[in-house]
Amino acid sequence: MIDGMEEGYRTLDWIINKSEQGLYLVVADEKMQKEIVETYRCRAVEIYDCKQHPGGYSFRKLEEWVVSLPKTRTFMVVHFHLAVQDKESRKRLNFSRDMLERLGKNLIFFVTPYGDDRLAAGAYDFYSFVKLRVIFHEKIDEKEEEFLYMADESTEENEWEAEELKSKMAETYVLVEEGKDKKKKACYHESEGLLLRAREIREKILGPEHLELAEIDSELAEVYESRGKYQVALEYFGKAYKAFLFSFGIEHPSTKAIYENMQRTYFALNPEGDFKQWMEKKNML
């Protein structure tokens with residue numbers, strides 16, 4: 001593991017100029033990822049931005065991209081945490097020595113500090129193929145920094161140790177999956193309880209406006225909609241929509257999907273209402 005800004009850049013230079021092949025992981029917040037991309041954009045690397053190409057991870061797509069550029073030795077996949085947000089995408093994060101040797105390239109995946117923790121909890125086998133993990137420290141997002149180092153700043157309000165924080169975050173993934181399962185079985189009251197518990201934990205760790213709450217808000221909205229609690233459902237759809245709109249933009253499939261769900265719920269509550277006017281009043285257009 002390599003820590004620090006200068007060491008991080010030196011390591012990336014070494015990977016690009018000296019390494020023959022391998023899988024590497026860079027942990028940096030989104031601002032830092034943007035800076036790194038600008039630094040290396042004009043060099044002998046190819047860059048794939050998961051923010052500009054929404055969709056879950058697929059080795060087939062990765063292989064097609066790499067094979068289409070035979071003269072390139074190093075490939076950077078930035079904002080990779082966005083491609084492995086759901087459980088199925090993380091399940092597809094499967095490598096083997098043969099697969100990597102067949103590609104014969106340097107693959108550098110970029111994730112945020114929080115994305116790193118989520119991968120560690122849901123796709124730990126991935127790390128067995130990582131040759132080197134490079135951490136850029138200085139520009140970590142305030143909320144993610146709080147998540148990673150809260151134990152070093154012990155207060156009366158929160159005395160969890162860092163490892164317990166990670167354990168708590170892992171617990172939320174289990175709670176969310178259980179909540180989804182209960183929702184599919186129409187056990188809405190149980191689903192609501194599980195999802196609210198997961199949301200409470202994540203909000204305490206990450207803060208009230210973190211993107212990771214959007215997944216839970218969307219699930220909760222569907223639960224409340226199924227129970228006929230349309231007003232509450234609209235509130236949670238609205239929270240999720242704002243988070244995705246801010247992070248991904250209006251054209252992202254997740255943003256569009258929540259918009260459509262919110263529109264459906266609005267008309268269930270207000271059959272003769274003006275949805276666009278309501279959206280404008282809520283500052284969501």
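What share of the contacts in the protein chain with a separation of 6 or more comes from residues 24 or more positions apart? The share is 73%, where contact means heavy atoms within 4.5 Å. The model is predicted: local features need pLDDT of at least 70, side-chain atom pairs count only at pLDDT 80 or more, and totals for chains, interfaces and linings use all residues. Residues are numbered from 1 along each chain as its sequence is written, and side-chain values use heavy atoms, with hydrogens and water left out.

**Figure 1. Overview of the protein chain.** The protein chain has 13 helices and six strands; these are DSSP runs numbered from the N terminus, helices being H or I with at least four residues and strands E with at least two. Of its 285 residues, 48% count as buried. Buried means under 20% relative accessible area, exposed means over 50%, and partly exposed lies in between (1.4 Å probe, protein chains only). The chain exposes about 15100 Å², and carbon and sulfur atoms supply 48% of this area. Accessible areas come from the Shrake-Rupley method with a 1.4 Å probe; for residues, only the protein chains shown count as cover.

Figure 2. Strand β3 (residues 45-49), helix α3 (residues 59-67) and β4 form a right-handed β-α-β unit. A crossover is right-handed if, with the strands pointing away from the viewer, the path from the first strand over the helix to the second runs clockwise. β3 and β4 run parallel and are joined by five bridges; two strands pair if DSSP finds at least two bridges between them. D49 has V78 of β4 as its bridge partner. T72 sits in the loop between α3 and β4 and is buried, at 12% relative accessibility. Leaving out residues up to four places away in sequence, T72 touches A44, V45, E46 and K105.

**Figure 3. Two residues with positive phi.** H79 is not a glycine, yet its phi is near 55°. H79 belongs to the loop between β4 (74-78) and α4 (87-91) and is buried, with a relative accessible area of 8%. A186, also not a glycine, has a positive phi of about 65°. A186 is placed in the loop between α8 (162-184) and α9 (188-206) and counts as partly exposed at 43% relative accessibility.

**Figure 4. The salt bridge between R133 and D116.** The side chains of R133 and D116 meet at 2.4 Å, N to O. A salt bridge is a side-chain nitrogen of Lys or Arg within 4 Å of a carboxyl oxygen of Asp or Glu. The pair links distant parts of the chain, with R133 in strand β6 (residues 130-135) and D116 in helix α6 (residues 113-122), 17 residues apart. R133 is partly exposed at 24% relative accessibility, whereas D116 is buried at 5%.

**Figure 5. Further salt bridges.** The whole structure holds 21 salt bridges. One of them joins the side chains of R41 and E38 at 3.3 Å, N to O. R41 is partly exposed at 45% relative accessibility, and E38 is partly exposed at 48%. Another joins E190 and K182 at 3.2 Å, N to O. E190 has a relative accessible area of 44% and is partly exposed; K182, with 26%, is partly exposed. A network of salt bridges links E177, K180, R202 and E215.

**Figure 6. The nonpolar cores.** The largest nonpolar core has 35 residues, and those with the most contacts inside it are Y241, M262, F275, W278 and M279. A nonpolar core is a set of buried Ala, Val, Leu, Ile, Met, Phe, Trp, Tyr and Cys residues joined through side-chain atoms within 4.5 Å. At least two residues of this core come from each of α8, α9, α10 (212-226), α11 (230-248), α12 (253-269) and α13 (275-281). The helix that gives the most to this core is α11, with eight residues. Leaving aside neighbours within four places in sequence, Y241 is in contact with I250, T255, I258, Y259, M262, M279 and M284. Another core lies apart from the largest one and has 28 residues, among them V27, Y57, F59 and L103. In soluble globular proteins, nonpolar side chains tend to be buried together.
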